[in-house]
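Biologist: I would like to learn how to read a few features of a protein model, one at a time. Could we go through them together with the structure in view?

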Amino acid sequence: MLGAIIAALQARSDLQGWSVRHIATRGAQLYAVPATVEARRTVESERFVVKVVRHTPGPDAKPASGTGNVTLLPGDDIPSALDRAALMAGLVHNPLYSLPRPSEIPEVSLVDPLIQNDPGPALDGLLTRLRAAAATVPEVRLTAAELFGEEQVTRLCTSRGIDATQTGTTIDFECVLLSQSGGREAESFLEMSRRRVADVDIEAEVAHQARYALDSLSAGPPRHYEGPVVIQGPALATVLNGGVLQTLGAGGAKYAKVSSWEISQSIFRREAEGDPLTVFANRRLPYGIRANRFDDEGHPAQRVALIRNNILQTFVANQRYADYLNIVPTGAFGDVELPPGTTPAAELLVEPYVEIVAFSWFNPDSITGEFSSEIRFGYIHEGGRRMPFKGGSLVGNLLQALANVRWSSETGFYGDYQGPTTARFGSLAVAGEREG
């Protein structure tokens with residue numbers, strides 16, 4: 001069907017450009033309850049994502065570009081689908097821009113043979129490890145687990161001559177642990193996405209979640225607090241992937257005048273008090289969740305130095321916004337990478353401080369950086385004691401927080417983030433109960 005779609009696109013005289021992505025997925029799903037496997041499924045899907053470009057006069061009669069998209073399934077009516085995409089493109093009037101040319105596509109590690117060859121046994125092995133890890137903590141029991149393993153093959157063909165294929169695997173893993181004591185119950189929820197089995201450290205994660213579930217039994221609401229806040233591991237990855245860096249560092253946001261960042265200038269509005277910030281937007285991160293050989297437009301994978309020592313180096317931009325801003329296109333953002341800090345993590349854990357273990361959500365304003373995010377679980381470290389709490393909100397501004405943070409020299413990999421395992425933010429607020 002791919003050949004038929006390409007032939008139909010080439011036969012149209014009203015299009016100035018097009019691309020087709022043929023996406024085929026194959027995988028397995030496993031649903032488990034405490035005593036047994038409740039269900040197993042094998043899944044396969046195939047779709048064709050078409051994007052067309054038309055040059056049509058805008059309201060001012062000047063030449064303009066418009067794009068339209070359509071997704072086809074096997075057996076769909078190709079001419080009718082392309083008509084809809086072309087009609088949509090004719091209704092859009094943006095300044096003219098070019099389409100990516102063919103270029104060398106790098107090799108990027110995206111595939112786990114254990115998932116690619118047969119995901120079923122790989123998922124069974126993960127479930128066995130999960131149950132064994134949970135069994136080592138008698139006070140906690142596993143109540144449910146879901147494991148998905150998938151291989152995805154994408155072929156991209158464009159009117160400019162790009163013809164490239166990439167294969168990647170993914171593992172999605174969720175489980176719930178329940179702790180009980182004195183008639184009280186508390187749950188701890190674990191979810192994880194990775195590309196390979198070797199990056200799923202079930203034993204360590206279950207040990208952490210079991211401790212949190214047990215500590216939750218004695219957790220109360222936090223008191224109001226302002227001061228140092230420590231965020232580690234998966235929670236830190238959540239913060240850095242909250243959308244602020246991705247939005248303010250995007251060419252589209254700069255062109256729309258919603259990003260105040262300027263190339264060769266500091267991203268901070270005041271002098272930074274903490275460690276210098278360096279950020280890479282990396283689509284070449286081995287086994288990164290957002291890594292790829294090429295993005296949806298065909299831009300080859302890059303490791304882009306977005307920020308270096310607090311100074312913006314470039315914007316992450318597709319071909320359209322790169323043309324508008326007169327910069328080199330980078331393609332999609334990819335995964336977040338930070339270099340190691342200079343301070344051992346142990347030296348960042350100096351009392352007093354609040355440790356945020358997990359958020360109910362973390363959704364800062366992607367333009368201002370302001371956030372007030374509910375805390376699922378955390379600890380107050382003070383006077384040699386570690387006191388668990390649930391609830392309250394972490395309040396602050398991400399850009400101000402990043403201007404006053406110290407990073408650990410130890411690093412870790414968390415699927416969509418690689419960098420320091422620990423960050424100590426100099427001053428944030430926890431909105432909680434006030435004394436008196």
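Biologist: Over the face of which residue does Arg386 lie?

Modeller: Before answering, note that this is a predicted model, in which local features need pLDDT of at least 70 and side-chain atom pairs count only at pLDDT 80 or more, while totals for chains, interfaces and linings use all residues. Residues are numbered from 1 along each chain as its sequence is written, and side-chain values use heavy atoms, with hydrogens and water left out. A charge sits over a ring if NZ of Lys or CZ of Arg is within 6 Å of the ring centre and within 35 degrees of the ring normal. Here Arg386 lies over the face of Tyr379, at 4.6 Å from the ring centre, and Arg303 lies over the face of Phe280, at 3.7 Å from the ring centre.

Biologist: How many aromatic pairs does the structure hold?

Modeller: Rings of Phe, Tyr and Trp (its six-membered ring) pair if their centres lie within 6.5 Å, and planes under 30 degrees apart count as stacked, over 60 as edge-to-face and the rest as tilted. The structure holds twelve such pairs. The rings of Tyr321 and Tyr324 have centres 5.8 Å apart and planes at 85°, so this pair is edge-to-face. Both residues lie in helix 9 (residues 319-325), three residues apart, about one turn of the helix; helices (H or I, at least four residues) and strands (E, at least two) are DSSP runs, numbered from the N terminus. The rings of Tyr414 and Tyr417, by contrast, have centres 6.1 Å apart and planes at 10°, so that pair is stacked. Ring pairs also link Tyr321 and Tyr324 with Tyr97 and Tyr255 into a cluster.

Biologist: Is Tyr417 buried or exposed?

Modeller: Buried means under 20% relative accessible area, exposed over 50%, and partly exposed in between (1.4 Å probe, protein chains only). Tyr417 is buried, with a relative accessible area of 0%, and Tyr414 is buried at 17%. Tyr321 and Tyr324 are both buried as well.

Biologist: Which residue stands opposite Tyr417 in strand 18?

Modeller: Strands of a sheet pair through backbone hydrogen bonds, either parallel or antiparallel. Two strands count as paired if DSSP finds at least two bridges between them. Val336 stands opposite Tyr417, and two bridges join strand 11 (residues 335-337) to strand 18 (residues 417-420), which run parallel. Both belong to an open sheet of six strands in the order 10-9-8-11-18-17, with mixed pairing. Its edge strands, strand 10 (311-312) and strand 17 (411-413), each pair on one side only.
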